[in-house]
Every structure is written in structure tokens, then in C-alpha cells.
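Take a look at the model below. We will go through its open space first, then its packing.

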Amino acid sequence: MDTAQNLQHHTDLPTTPDALFKRLDDLGIIYTTWHHPAFFTVEEGLEFEKDIPGLHCRNLFVRDKRETMFLVSAANETKIDLKKLSALLECGRLSFGSPERLWANLGVRPGSVCPYAIINDTARAVTMVLDDTIMRSTTVNFHPMVNTMTIGVAPQDLVRFIESTGHTPLILDLSATAPEGE
């Protein structure tokens, strides 16, 4: 994606990074911002993230057959088997949500999924799930609606932001969802 396309994608977001930063400022949340080239996977981001302090996290947007949706934020190191996650969440078999469902419910594109996108879930159709590893960290890092930046916040401030959107995050020990042998 070239720079012009990337800028266009920022302006058509329901909540732009600048709008998110304003919301964080209004809540009195302190954050640090890093700019970097776009990356779409944890592996692609390793080179850029090595110089950014704090816990680096990834996000899964999943749903079951009844269309119950979850946004799961976990430490990059946390391994998750979707079958075990569905048992932990006491829901039907989980699969990844489509890009169209992601856009319709969270207003972000693949590669930019982040807990901040819960601000766009005004219907409260998505359950926010946080890996308890996040809560034991000093700083947690996520993209701020786009994958060309990373912001770091205190985990308690992340929860405060999520709660300000009308969502109550489930904070769960996701270590039980590791695939067999890991």
C-alpha cells in the first residue's frame, strides 16, 4: 500500500488514530507513540518491536456459529488453540471473523486489529477478552487503529479505556488455551 492509499485508509476509519489519541488525552491516559512501516503479522513486526519497551501483544477477532464475537488481546508469546479457547469462553466452535465482519463491528482492517477498536462497537456485540499476562506488565503495546504505529500504555489505563466505551473486559488466564505440547 503506498503512502496516499495509507492516508486514505486513515481518514475513512470510524475512529482515526488522532481521534483515539484525543480520547486517551481526555481520559488522562499517558501513552507513548512509535511510528514504523506497516506490518501485518507478529513475525513481520519483530524487527520493529525489538526497540520498543514493554509487552508486545496480538489480537484475534473470532466468532462462533451463533455469531457471538470476541476480541482477544494476548501477549505475543501466548499460544492459543481455538478449540481450547472456545471451551474457556463457554461458547461454540470458534473461527476467525471475516474482514467484512471485522470492519462492520470494529471499524478496522486486518493487520490493525487492536483493543482500542472496541470503541467502534457501539452495539456492544463484541466481548473484549484480555490475557491476564497483560495485566502483569508495566507497559502494553498495540497498534492505534492502524498498523503503521504502536502505542504503549499501562495495562490499568487500557482497562480504563475499554470501560469508557461501555465494555467490561474479561481478564482470563489464557495459558490453558495453549496447544498440546506447548
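**Pocket and cores**

By class, 12 nonpolar, 11 polar and 3 charged residues make up the lining of the largest pocket. The model is a predicted one. Rolling a probe the size of a water molecule over the atoms shows where empty space is left. Here, the largest pocket holds about 530 Å³ of space. Its lining counts 26 residues. Nearest the centre of the pocket lie Phe40, Arg58, Asn59, Gly111 and Val113.

Which elements supply at least two residues each of this lining? They are helix H3 (42-49), strand E2 (55-63), helix H5 (99-106) and strand E6 (140-142). E2 gives the most, with 6 residues.

Now turn to the packing. In soluble globular proteins, nonpolar side chains tend to be buried together. The largest nonpolar core of this model has 35 residues. Leu106, Tyr116, Met145, Leu158 and Phe161 have the most contacts inside it. Several helices supply at least two residues each of this core: H2 (17-26), H5 and H7 (155-164). So do the strands E2, E3 (69-75), E5 (126-131), E6 and E7 (149-153). H7 gives the most to this core, with 4 residues.

Pick out Leu158. What is leucine 158 in contact with, leaving aside its neighbours within four places in sequence? The partners are Pro115, Tyr116, Leu130, Ile134, Val140, Phe142 and Val153. Another core lies apart from the largest one. This other core has 13 residues, among them Leu82, Cys91, Val129 and Leu174.

Key: Residues are numbered from 1 along each chain as its sequence is written. This is a predicted model: local features need pLDDT of at least 70, side-chain atom pairs count only at pLDDT 80 or more; totals for chains, interfaces and linings use all residues. Side-chain values use heavy atoms; hydrogens and water are left out. On a 1 Å grid over the protein atoms alone, a cavity is a set of points where a 1.4 Å probe fits but cannot get out, and a pocket is an open set with protein on both sides within 12 Å along at least five of seven lines; lining residues have an atom within 4 Å of a point. Grid points are joined across faces, edges and corners, and a volume is the space filled by probe spheres set on the points. Ala, Val, Leu, Ile, Met, Phe, Trp, Tyr, Cys and Pro count as nonpolar, Asp, Glu, Lys and Arg as charged, and the others, Gly among them, as polar. A nonpolar core is a set of buried Ala, Val, Leu, Ile, Met, Phe, Trp, Tyr and Cys residues joined through side-chain atoms within 4.5 Å. Buried means under 20% relative accessible area, exposed over 50%, partly exposed in between (1.4 Å probe, protein chains only). Contact means heavy atoms within 4.5 Å.
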